[in-house]
Amino acid sequence: MEMVTLTIDNKVVQVPKDYTVLQAAKEANIEIPTLCFLKNINEIGACRMCVVEIKGAKSLQAACVYPVADGMEVYTNTPKVREARKVTLELILSNHDKNCLACVRNGNCELQKLAEQMNIRDLEFEGERHKLPLDDFSPSVVRDPNKCILCRRCVSMCKEVQTVAVIDTVERGIETIVSPVNGKSLSEVPCVNCGQCITVCPVGALREKDDTEKVWDALANDDLHVVAVTAPAIRAALGEEFGFPIGTPVTANMITALKRLGFDKVFDVDTAADLTIMEEGTELLNRIKNGGKLPLITSCSPGWIKFCEHNYPEFLDNLSTCKSPQQMFGALLKTYYAEKAGIDPAKIFIVSIMPCTAKKFEVKRPEMNSSGYPDIDVAITTRELARMIKEAGIDFSDATEKHFDDPMGDASGAGVIFGATGGVMEAALRTVAEVLEGTSLEKLDYTEVRGTEGIKEATVQLNSITIKAAVAHGLGNARKLLDRVKAGEADYHFIEIMACPGGCVTGGGQPIQPSRVRSWINLMAERAKALYTEDKNLPIRKSHENPTIKKLYAEFFGSPGSHKAHELLHTHYTARENYPE
Amino acid sequence: MSKCSCGQEVKDTREEKLEEIIAKYRGTKGALIPVLHEAQELYGYLPFDVQRKISEELNIPLAEIYGVITFYTQFSLVPKGEYRIQVCLGTACYVKGAGHILDKFKEILGIDVGGCTEDGKFSLDACRCVGACGLAPVVMINDTVYGRLKPTEVEGIIEKYRNE
Ligand code: SF4
Ligand code: SF4
Ligand code: SF4
Ligand code: FES
């Protein structure tokens, strides 16, 4: 790439020619405030918070979209610039519902941060404001338009990245809001509950439906045996809420905190991920051998499932009938574990801790109760757990409890990497190759399916068959991949799809990193590292070698794909109309 | 879409026409605005079903189409009356009491802004400055401009159209 040389605040910088002024400033360690900007997702120059003076240019320019040029002179800190930014910010604040004290983003809000940085001490304008109704009908996402600053990041995420496109800017001028069509609630449109809009919102205008009250109630109820089950991605990100560097695995701190909160047992969903691999691997081989519907597509991601039900009903038979690990685990705990521990399943209350807002919808699906009880009682996000830990005043640096509880305490490295894009595929390949095909393979690391490329492919040669596999993360990529399959341009045996870009580590329920952090690192890769490190260090790295899994099949299910397994661990799907009349 | 707003069952030839409109613009850049225009001419407004059809056929998200419709004042989401009353709420008209005029229309017709009377005769809208500030307050009924209007005159004007 051709380089250009420019000066920013008299500092000489050399950057590639396709950089923006903002990128060049970043390189020079000069921070320009931004608000609507989110790298690769929303680069539309809408808010004008990032204005700078450029020598020779008539007016101030938005650094986030202004391209660099050779010999350019940029000034980011002149009286004119500071004044313009302040006015912009004050105008935004003038009709913002500024109730920071009671806001979910208090302390982690990009607008609040800007007000602090820019020394706003006096709000000169008090704008016209009408109180707009809260949309809290969705099981996953709550919209509060009174806090919206119209940055449009959520629109870009939903429309361009996820290609779900159920929210957009509506009306004009002072009436403008971001909303689903016709004033409908998110629960009435084909929103897939992925929560990606929440993780890009700079303010408190989008948040998860908070279910912590139900958890507190259960914990306070002595009649209940309250169990926490944590997804693999939680340990890779929960630490961020407590000041740990991004990518620090905090498994022991998390288990300790959950115990301190009063959970009777803390189990690892990775165990159920191993179970999923056994079931799904069997399903894959059966389909290949018996001429079943191919490609087989993974079904762990409830956002993806709902997307498929709305947009690709023709692929419903391709979906694995396996429940997600969360649901499998719930069914298992209310049968096998209840029996073993001698506890009435009606008294077992299971709280799943998930990186995902779509899990809140999944637990409510009417078919998820094959044991006679709801598989999972409440699903909360990583963020909600962090809030509970803070509210209870627990010291998160305490890492005394190192191990998940027995008898479901073992998980393999394969289960751990479920949390990253490509992880389910890699875990499946490890097991399919060995057990189900009887080939012993040296190879454990399928690096071709790792990484944050939107669509990844791998071909694996087994004893009797070659498996062609593909991985897509983010629903826009899923759409691309499925359209190719539909058009007959690609023939895979096995496809892994996760709704969230990056997979669960960057799920819609994970800690929110502001644009000034997220724009300049590969958040997916940083968090995924925590999982791949744990995988590498675990003694058992293949699902079928997990002793808990072996015992489960020996004592309870018989074999993968058995009748009992089908009853408890498998499910079905429903085509959904997009906008019913 | 076999019911018209008067509630009688009629054979709807508009659906075919809508398809023709869409076919005419399909594949051209910026097809949405002209399609919406012609669809509105056809139906008098842009019903939800029509938006949905356009969304499916042009492969443009419904939320985006809805955003466009609500952005441009020329598009309407609700049926318009045979007589389309527009009360200017621009600054000049507002200062000269356009608010009271609007209230009077609401009261006599029994509808809100954006609404349409049950007989389909009148619809009522508030609009931005129509550029006749010298005549403030101004009301437009279809293409006729009424200037320097007083609330007391509203009743008479409505009567005139009722009897037409
Ligand atoms: S969105 Fe931010 S600025 Fe607004 S009330 Fe919440 S914390 Fe305060
Ligand atoms: S949850 Fe996902 S699908 Fe729903 S509005 Fe947000 S980004 Fe779109
Ligand atoms: S809801 Fe949040 S992300 Fe969406 S436009 Fe408003 S402030 Fe921006
Ligand atoms: S215009 Fe640059 S951050 Fe909004």
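Good morning. In chain A, helix 8 (269–289), helix 9 (302–311), helix 10 (325–341) and helix 11 (358–362) each supply at least two residues of the lining of the largest cavity. Helices here are DSSP runs of H or I with at least four residues, numbered from the N terminus. A cavity is, on a 1 Å grid over the protein atoms alone, a set of points where a 1.4 Å probe fits but cannot get out, and lining residues have an atom within 4 Å of a point.

This is a predicted model, in which local features need pLDDT of at least 70 and side-chain atom pairs count only at pLDDT 80 or more, while totals for chains, interfaces and linings use all residues. Residues are numbered from 1 along each chain as its sequence is written, chains are lettered from A and ligands numbered from 1 in the order in which they are written, and side-chain values use heavy atoms, with hydrogens and water left out.

By this rule there are four cavities of 30 Å³ or more. A volume is the space filled by probe spheres set on the grid points, which are joined across faces, edges and corners. Among the 25 residues lining the largest cavity, Cys300(A), Ser301(A), Pro355(A), Lys359(A) and Cys504(A) are the closest to its centre. This lining comprises 18 nonpolar, six polar and one charged residues. Ala, Val, Leu, Ile, Met, Phe, Trp, Tyr, Cys and Pro count as nonpolar, Asp, Glu, Lys and Arg as charged, and the others, Gly among them, as polar.

I turn to the second largest cavity, with about 100 Å³ of space. It has 14 lining residues, and Cys158(A), Val166(A), Cys191(A), Cys194(A) and Cys197(A) are the closest to its centre. Helix 4 (153–161) and helix 5 (196–200) of chain A each contribute at least two residues to this lining.

What takes the space of the second largest cavity? Ligand 2 does; a molecule sits in a cavity if more than half of its atoms lie within 2 Å of its grid points. The residues surrounding ligand 2 include Val141(A), Leu186(A) and Asn193(A), a residue being near if one of its heavy atoms lies within 4 Å. The shell has nine nonpolar, two polar and no charged residues.

Finally, a pocket is an open set of points with protein on both sides within 12 Å along at least five of seven lines. The second largest pocket has a volume of about 740 Å³. Helix 3 (48–58) of chain B and helix 9 of chain A each supply at least two of its lining residues, and helix 3 of chain B gives the largest share, five residues. Thank you.
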